[in-house]
Amino acid sequence: METDRLLVDPPGDPAPGDRDPPGGPHPQGYGSWPAPQRGAAKRHRRMSYSVAGESCSLNGYQGDEELYIQQAVVFIEDAVHFRSINHRVDAGSLRLYRCYYSRICQWILGLVISVVLLLAFVERPTSLSVSSDPHHRRESWQPPCGLTESMEMIGLSILALDLAVKSYLIGWEEFRKSKWLISYTVVISVSVIDWVLSVSMMCSETFRVRRLLRPFFLLQNSSLMKKTLKCIKRTLPEIASVILLLALHLCLFTMIGMLLFAKTDDPEKNKEWELHFRDLPSSLTSLLVLLTTANNPDVMIPAYSLNRAYSIFFIAFSVIGTYCLMNLLTAIIYNQFRGYLLLSVQTSIIRRRLGIRAAFQVLSCQRAQGTDQSVVSVDSVLQVMTRVKMKSYYRTAINTAVQRYEDVGFVDREQFRKIFDEVDKDRIKEHPPLPVYTSPSLQRLQLVFSHYYLSILGNAVALANVVCICAILVLNSEKSTAERDNYVLEIINLCFILYYLFEMSVKIFAFGWRGYLSYRNNVFDGVLTVLLLALQMTIFITYRIPYSQWDPSSHGVMSLWEMVRLVNMLIVFRFLRIIPDIKLMALVASTLLDLVKNLRAFAGILVVVYYVFAVFGIWLFEGAIKPPPENSVLSNTSMQNISSNVTVGCGTYEQLGYWPNNFDDFAAAIILLYNVMIVNNWQAFMEAYSRYTTEWSKIYFVCWWLTSSVMWVNLFVALILENFIYKWDRSHSCSVTDVERIRYQTSVQLMFKEQIQEPTEEELLCQLHQHPHLHLHW
C-alpha cells in the first residue's frame, strides 16, 4: 500500500513552504504566553473563557459578513501551513497577506535568495574555470565591475520590499519584538552600505562584508531552520560540557605524551618526538587528529617499532576519546534532538488549533445579534472552503465532514474542530479495482498474473540478469574493446528484456492501466523496461548482423561497447525493484527517502555554515599556497622537488598532490571544506596552511571540524535514528492489513502521541485575546 503524505514534513514540523509569521517564530514555548498589550488594547483583551450569548464584534466591523468570511479563510490557511495568526486582519491587509504567501510570490522570493547566494561563484575571485589546480587552471573570465553588483542590488531591493511587507503586516508593536526582523533590517542596511562602498571603489576592494551576511537571508526565510538553530542553541551547553571534557582529555594525554616521548641523546629513539611530540602545538595537533582516527596508526608507528608497550598509550587515548566521549556527544545531541522534535510538534499543534479556533470565532461573529453565537452555520463553512487554498483531498475530506451536519444547519465549536482534524491526517492511496473479464479463461489468467509469486519470479529473473552481467564483466575485465564478445552479452540482455516486457504486459492485463500505474514499483519497472527496449532496438538498428571483418567500434556516434554498458547500467539499476519486497530493506529505504524530504532544515544550516566558512577561508588563505613551477615535478617515490631538490615529507600536502584543494575561489573552498569534514587526511591541509601562513591557521580548521564533523554530522545521525526508530516501532505495531483498512491516518500524533498535550480552550482564548489586531468584544 502506497501512502501519499498530506504532511510532507515530519509530524509537527512546518511544511516546506511554511514560513513563520512575518514577525518570526513565537518567542516563547508551549504554556508560556506573552503578556497582553498595555493601554486601550489591554482593555479589549479581557480574560474570558465563555462567549455564549454575549455580543461579538471585530475591530469595529460588526455585521461585515464579507470581512468575517475573508478572515476565516486566512485563519484556516494559517492553520494548514502552521503559520501564526498574529497579523493585520482588515480587508486590505488580508488581500496583501494572501498575495504575499501565494506560491508565485514565495517562489520569486526563494529564487532571489538563491541568486544572491550564488553570486559568490561568479564574483571575484571567480570560480568559472574548469580546474581549481593552479597547474592546469587557465586565466578565468572576470565579470566587469557593475555586472554582479547590479544583480545584487536588484536582489537587495526585492528583499527590502519583503521586509517592508512583513513589517507592515504585523504592525510596529510586533516588529519591535521580533529579533529576526530587526536583524533583517540591519543586514540589509549593512549590505547596501557595503555595496555603495564597493561601487565607489570600482570593485577593487578586498573584503566584501555583505558576502558574509548573505546566508542570513536563507535563515530568516525558513521557520524550520530557525527551529533548528534554536535546538542547536539549547543543546550548546550540554555539548560544551562534553567538548570541555574532550579538551581536558586531550591536554592530559598531551602532557603524558610529551613526557613519554621526550628528546633523548639517542637519535634512533627520537623519531616519535621529532614527528609528533616536538613541542606543545605539534603534540596537541597530533593527538587531536588521532581523535578523528585520520592519522592512525601512523602517529604510533615510530614508538611502537621500538617498544610494543607504547601502543597502550595510543589505544587508551582512542578508546576514551573516540569511542567514549565522542559517542557520548552523539547521545547528548540525540537526546536534545528528540526534545526539539517534541517541541516542534507541540508548537505546530498550538498554531493549528489557534488558527481553527480563530476561524470559528470570526464565523460565529457573522451571526445576527441576539442569536446563539456559539455555533457556525454549515453554509458559512462551505462558503469559506470554496475560497481556502489547500490541496484538493483536504478540501474534499473537509466538505464531506461538513455535509454530515446539513440537516442540523450549524456546527458547534467542538464539531468545527473535529471537521478540521482532517488536515492532521495522511492520505493513503487506494488502488483501483481490478478489471472485470467475462471469459473464465481470462479470469484464471488474471488470477495468475496478479499473484504475488509473479513479483517473486521477476525478482529472481532480475537477480539472474545481474549475475550474468557480473560473470561477463569478470571474463572481459582484462580484454581490450576489440577482444570483447559484446554480441553474446547483447543476446543475453535481449532475452531478459523480452521477459521484462512480458512481465509488464501481463501486469497491465491483470491490473489495468490505472491499477498498474498506482504501484510505484510498477512505474519504476515500466519506465526502465521501456528505456531498455528502446536502447536495444537502437543497437540492433545501428549494428546489424555484421560480417567477421567489421569493426563495430568505428560505427555510429557511440560504440557498441558504450551502448552495451548503458544497457547494463540500467539493468543493474532495475535490480533495485527487490527493495519493496524485503521488509527490513524497505524500512531502510523509506527512512532514506524521508531523510530527503525532512533534511531541508539541516541541509540549509549546513549551506549557511559552509558559506560563512568558505568566505572566511578566502579572506584568510586566498593565494597562500603557491605551487612549484610546471617543470618542477614531485615524485611519489623519491618525494623530492626535482628542480629545487627540496625533500617533501610523505603524506604532506605537496607529496599527495592536493593542489586543487585551496581557497583561491569560492567553489574550491567549498570542496576543501568538504574534504576536511570527511576528516580523512585533514591533517595534511591543516599542516600545509600552518606552514605557508601561521600556526594560528589551525584554529580555523579545528573550528570547522567541530562545527561540521562534530555538530552537524551528529545532528544528522540523530535525525536518522529518530526516523528509523519511529518507522521500526510502527512497522511492528501495525500490520499491512490494518493499514489497508484505514482511509485516513493521523500523522501529527504518531511520533510523540503519548507526550503531546492538546491546548485547552482557556489557552486558545487567552491567545485570541492577546492578538495585536483582532480585538474581540464579548
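**Notebook: the disulfide and the other cysteines**

I started with the S-S bond of Cys145 and Cys203: its torsion is about 70°, so the disulfide is right-handed. I'm working from a predicted model here.

Next I looked up where the two partners sit. Cys145 is in the loop between helix H4 (103-122) and helix H5 (147-177). Cys203 is in the loop between helix H6 (179-200) and helix H7 (209-213). The pair therefore ties together parts that lie 58 residues apart in sequence.

I checked the sulfur separation too: 2.0 Å between Cys145 and Cys203, inside the 2.5 Å cut-off for a disulfide. I find one disulfide in the structure.

Buried or exposed, I wondered about Cys203? Cys203 comes out buried, because its relative accessible area is 6%, and the cut-off for buried is under 20%.

Cys495 is in no disulfide. I looked for the cysteine sulfur nearest to Cys495 and got that of Cys468, 9.8 Å away.

Last, some whole-chain numbers. I count 28 helices and seven strands in the protein chain. Of its 778 residues, 47% are buried. For contacts with a separation of 6 or more, I get 78% from residues 24 or more positions apart. The accessible surface of the chain comes to about 38,400 Å², and carbon and sulfur atoms hold 64% of that.

Methods:
Residues numbered from 1 in each chain as written. Predicted model: local features only at pLDDT ≥ 70, side-chain atom pairs only at ≥ 80, totals over all residues. Heavy atoms only, no water. Helix = DSSP H or I, 4+ residues; strand = E, 2+ residues; numbered from the N terminus. Buried < 20%, exposed > 50% of the residue type's maximum accessible area, 1.4 Å probe, protein only. Contact = heavy atoms within 4.5 Å. Areas by Shrake-Rupley, 256 points an atom, 1.4 Å probe, with all protein chains shown as cover.
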